[in-house]
Amino acid sequence: MHSRFAQSAEHAATDFASSFALSSEKFPELQRTADFLMAGSVVRANIIGVDLFEAFVRSFSHLQISAHESAPALEIRLWDVEATGIGDPHDVITYDPSQTGETVPSADGRYVYFGRPQLQTVLDRQGGTITGSVGSASRLTLYDVGRPLHSELLLWHHDHDLLPVHAGLVSRDGEGVLLAGPGGSGKSTTSVMCHLAGFAYLADDYVAVEWRGDGTVHGHSIYNSTHIDPKHLERFPQAITSTAVSGTLTREDKSLVILSQAEAGGFSGEARIRVLALPRVAHTPHTTVRRATKVEALLRLAPSSLFLMPYAGMGRTDFARLNELVNTIPAYWLELGEDLEEIPLVVDQLLKDASVS
Amino acid sequence: MTDSAKLYAPVRQDVAGKVIDGEAIIMNLTNGAYYSVDAVGAVIWQWVDEEQTVATIIERLTTAFPQSAAAIKVDVNAFMAQLLADGLVHEGSSGFPSPVDNSHKVPSAYSAPVLNKYTEMADLLALDPPMPSIGQRPNA
């Protein structure tokens with residue numbers, strides 16, 4: 001995908017802001033707003049296009065708060081090109097799923113343009129806005145609906161001293177179990193089964209980790225969605241399977257479930273991380289745990305987490321922080337057995353043992 | 001064959017590494033490949049991070065394992081060549097050696113260093129275009 005914005009993310013920011021303002025002026029009846037609490041900061045979604053608003057806020061609904069009077073720390077401003085007729089300023093939207101996205105920063109790093117075939121935005125890292133256009137709400141991919149503005153939001157969290165990690169997170173009474181492992185390791189299965197068993201769900205794939213002055217480590221939720229392999233969907237209860245949505249594109253090989261719509265359990269925005277669990281599919285009848293070394297934990301956590309922030313120059317500091325995490329939090333292998341309902345019982349015991357040690 | 005008098009330093013802007021409990025984990029931040037090396041290899045990586053010369057590294061290991069002197073010289077040079085070939089080190093000082101850390105002890109028995117390489121992230125990243133540098137967030 002070659003964008004005319006390749007020359008200046010700053011110009012893109014100006015153009016998008018103008019088009020958004022025009023959309024807002026011409027279509028006030030299509031404008032919707034909602035406030036969310038993300039990692040302790042107010043994030044406002046200001047979206048023009050009713051269907052677009054509904055599609056975008058679903059996976060954040062567990063973080064929604066009453067309308068906040070003060071200025072948000074981050075404002076997300078999007079308009080639907082098809083709904084408003086207000087065009088994509090530079091005709092970049094293509095809907096061609098074979099095209100890859102692009103990321104283009106301004107020279108000073110303040111603005112970062114993110115271009116995808118059906119959605120493009122500019123993140124203003126200093127001004128605290130994400131502004132952009134969607135070709136049509138009806139043509140968003142499953143990933144766009146399940147993890148909206150993923151690249152933009154992970155960078156925003158990173159800019160605010162929160163480390164995005166590739167992990168799941170569930171909690172009881174504010175005490176969390178961070179689930180680390182590569183794709184296919186069982187993070188989503190473990191997170192969802194714990195959710196169904198009464199744990200608060202925070203994540204199955206991305207967690208923003210915060211180190212606090214008192215030495216504690218906390219994880220923050222971003223999305224309440226999960227993607228499940230259709231072959232495994234039948235193992236989950238109807239509350240989950242009845243809300244699963246399949247994609248139409250070749251690369252959409254997993255079904256999307258917005259857990260807040262499934263209404264099968266509770267959520268939390270934040271938890272103190274007490275234990276690091278490393279799920280692994282064991283093909284045994286029962287789920288068991290055994291202590292993991294710090295090296296095993298780092299090898300399980302670092303490779304995929306570091307490349308959530310694939311920008312040149314960030315990796316060394318982030319690796320040091322991941323090393324700090326595995327040095328601070330005890331880690332256990334979670335060998336997942338065939339009986340899925342056993343998993344939350346084992347995780348519960350792990351959390352209890354970690355909380356008293 | 002590398003020259004024993006030479007010094008090799010980690011490519012600081014592209015490589016992050018840490019020795020934990022006698023094992024070194026090394027990340028190539030440019031292409032997603034990552035490595036582990038334990039025992040003697042982990043201590044060698046620690047000394048490389050401190051920017052000790054190849055001669056010093058060989059001397060220290062030979063002092064600890066005099067009966068393996070011949071093997072040590074061959075193995076250390078081969079290990080350095082492998083680190084160099086994989087882009088993890090460059091010849092000469094980086095100007096920023098890590099502080100000397102005497103907590104990492106030489107193991108009780110000698111074994112040739114083995115650099116274990118993992119490429120599944122590198123394979124995934126190869127499908128995407130390289131990402132730019134964006135710097136720190138400009139002050140609000």
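Biologist: How many salt bridges does the rule find across the interface of chain A and chain B?
Modeller: This is a predicted model: local features need pLDDT of at least 70, side-chain atom pairs count only at pLDDT 80 or more, and totals for chains, interfaces and linings use all residues. Residues are numbered from 1 along each chain as its sequence is written, chains are lettered from A and ligands numbered from 1 in the order written, and side-chain values use heavy atoms, leaving out hydrogens and water. A salt bridge needs a side-chain nitrogen of Lys or Arg within 4 Å of a carboxyl oxygen of Asp or Glu. Across this interface the rule finds 0.

Biologist: Which element gives the most residues to the side of chain A that touches chain B?
Modeller: Elements are DSSP runs numbered from the N terminus, helices being H or I of at least four residues and strands E of at least two. Those giving two or more residues are β5 (102-105), α5 (150-159), α10 (294-306) and α11 (315-328) of chain A. With 8 residues, the most comes from α10(A).

Biologist: About how much area do chain A and chain B bury between them?
Modeller: Buried area is the accessible area (1.4 Å probe) lost when two parts are put together, summed over both. Carbon and sulfur atoms hold 72% of it. The total is about 2,700 Å².

Biologist: Which residues of chain A lose the most area to chain B?
Modeller: Together they make up 24% of what that side buries. They are A:Val295, A:Phe307 and A:Arg316.
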